[in-house]
Amino acid sequence: MSFRLASQIHVSNSPSPTQPHQVQIAIPRDHEQPKEADIQEIDYSGRAQWLRAAVLGANDGLVSVSSLMIGIGAVNQSAKAMLVSGLAGLVAGACSMAIGEFVSVYAQYDIEVAQMKREREGEVGEGNETSEEERERLPSPAQAAGASALAFAAGAILPLLAGGFIKPWGVRVGVVCAVTSLALAGFGATGAVLGGAKICRSMIRVLLGGWAAMAISYGVLRLFDLAFGYQAAI
């Protein structure tokens with residue numbers, strides 16, 4: 001171990017009342033500030049695949065089910081109607097997200113595998129180290145599908161549990177809107193932190209999109225009810 005000062009302790013032989021013993025203590029350089037080379041930056045690009053699937057699935061589940069429940073609430077004030085519609089949206093949406101993500105990522109997987117084969121055919125006499133490293137970076141269709149389905153269900157369950165069992169119609173709709181808004185802000189902030197983006201901008205973008213979806217769903221079905229006098233019989 002290298003030392004900044006001398007490794008020996010020096011004491012003056014003739015101390016005086018005004019000059020106490022002077023002691024030099026060795027200080028290891030290992031306690032200095034870390035070097036710039038030792039500081040590793042976070043690679044946010046490596047998180048892109050699962051972060052996209054998770055954030056997209058959670059936001060989609062939250063906005064889809066809350067908008068569906070509020071839309072049904074516009075034509076039917078029954079708690080059972082909103083609960084059943086939200087549950088149906090959760091199951092159908094999770095399956096749709098999983099299948100869609102699986103097909104999409106598998107298409108990307110096939111394209112990258114085909115490109116790797118063409119590159120390997122052109123590298124005659126060379127090793128397969130590069131191709132093996134590339135294969136490890138290939139996307140996983142099953143992982144993306146599972147992440148999308150679980151994230152969708154996690155987002156969809158929030159408004160379903162928050163407002164599905166409340167009897168008064170006005171309170172039920174208000175609770176669904178409030179819980180959805182808080183969850184949207186949380187998802188937006190989480191995605192920004194994990195992706196290295198600006199938190200405020202991400203939260204505002206996600207909140208505005210969710211509010212617009214809920215408002216449009218309520219408005220369209222309310223107009224439909226007023227125009228045709230339709231009541232959802234559930």
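**View 1. Buried residues along helix H5 of the predicted model.** In this predicted model, the buried residues of H5 are Arg172, Val173, Val176, Thr180, Ser181, Ala183, Leu184, Ala185, Gly188, Ala189, Gly191 and Ala192. Helix H5 itself runs over residues 169–195, a stretch of 27 residues, and from its first C-alpha to its last it reaches 39 Å, which is close to the 39 Å expected at 1.5 Å a residue. An α-helix has 3.6 residues a turn, so residues three or four places apart point the same way. After H5 comes Gly196, a residue with a positive phi near 75°.

**View 2. The largest nonpolar core of the chain.** Twelve residues make up the largest nonpolar core, namely Val65, Met69, Ile70, Met82, Leu90, Ala94, Met97, Phe152, Ala156, Leu160, Val176 and Met214. At least two residues of this core are supplied by each of helix H1 (48–75), helix H2 (79–122) and helix H4 (141–163), and H2 provides the largest share, with four residues. Val176, which belongs to this core, is also listed among the buried residues of H5.

**View 3. The surroundings of Leu160.** When residues up to four places away in sequence are not counted, Leu160 touches Met69, Leu83, Gly86, Leu87, Leu90 and Phe165.

**View 4. A nonpolar patch on the surface.** Ile99, Phe102, Val103 and Tyr106 together make a nonpolar surface patch of about 380 Å². One of these residues, Val103, is found in helix H2, and Val103 counts as exposed because its relative accessible area is 53%, where over 50% is required.

**View 5. The whole chain, as context for the close-up views.** The secondary structure comes to six helices and zero strands, and the pattern read along the sequence is α-α-α-α-α-α. The chain has 234 residues, of which 30% count as buried, and its accessible surface comes to about 15,000 Å², with 62% of that area belonging to carbon and sulfur atoms. Among the contacts in the chain with a separation of 6 or more, 72% are accounted for by residues 24 or more positions apart.

Note on methods: Residues are numbered from 1 along each chain as its sequence is written. This is a predicted model: local features need pLDDT of at least 70, side-chain atom pairs count only at pLDDT 80 or more; totals for chains, interfaces and linings use all residues. Side-chain values use heavy atoms; hydrogens and water are left out. A nonpolar core is a set of buried Ala, Val, Leu, Ile, Met, Phe, Trp, Tyr and Cys residues joined through side-chain atoms within 4.5 Å. Buried means under 20% relative accessible area, exposed over 50%, partly exposed in between (1.4 Å probe, protein chains only). Contact means heavy atoms within 4.5 Å. Patches are made of residues with over 30% relative accessible area and no salt bridge: like charges are joined within 9 Å, nonpolar side chains (Val, Leu, Ile, Met, Phe, Trp, Tyr) within 5 Å. Accessible areas come from the Shrake-Rupley method with a 1.4 Å probe; for residues, only the protein chains shown count as cover. A salt bridge is a side-chain nitrogen of Lys or Arg within 4 Å of a carboxyl oxygen of Asp or Glu. The expected span of a helix is 1.5 Å times one less than its number of residues.
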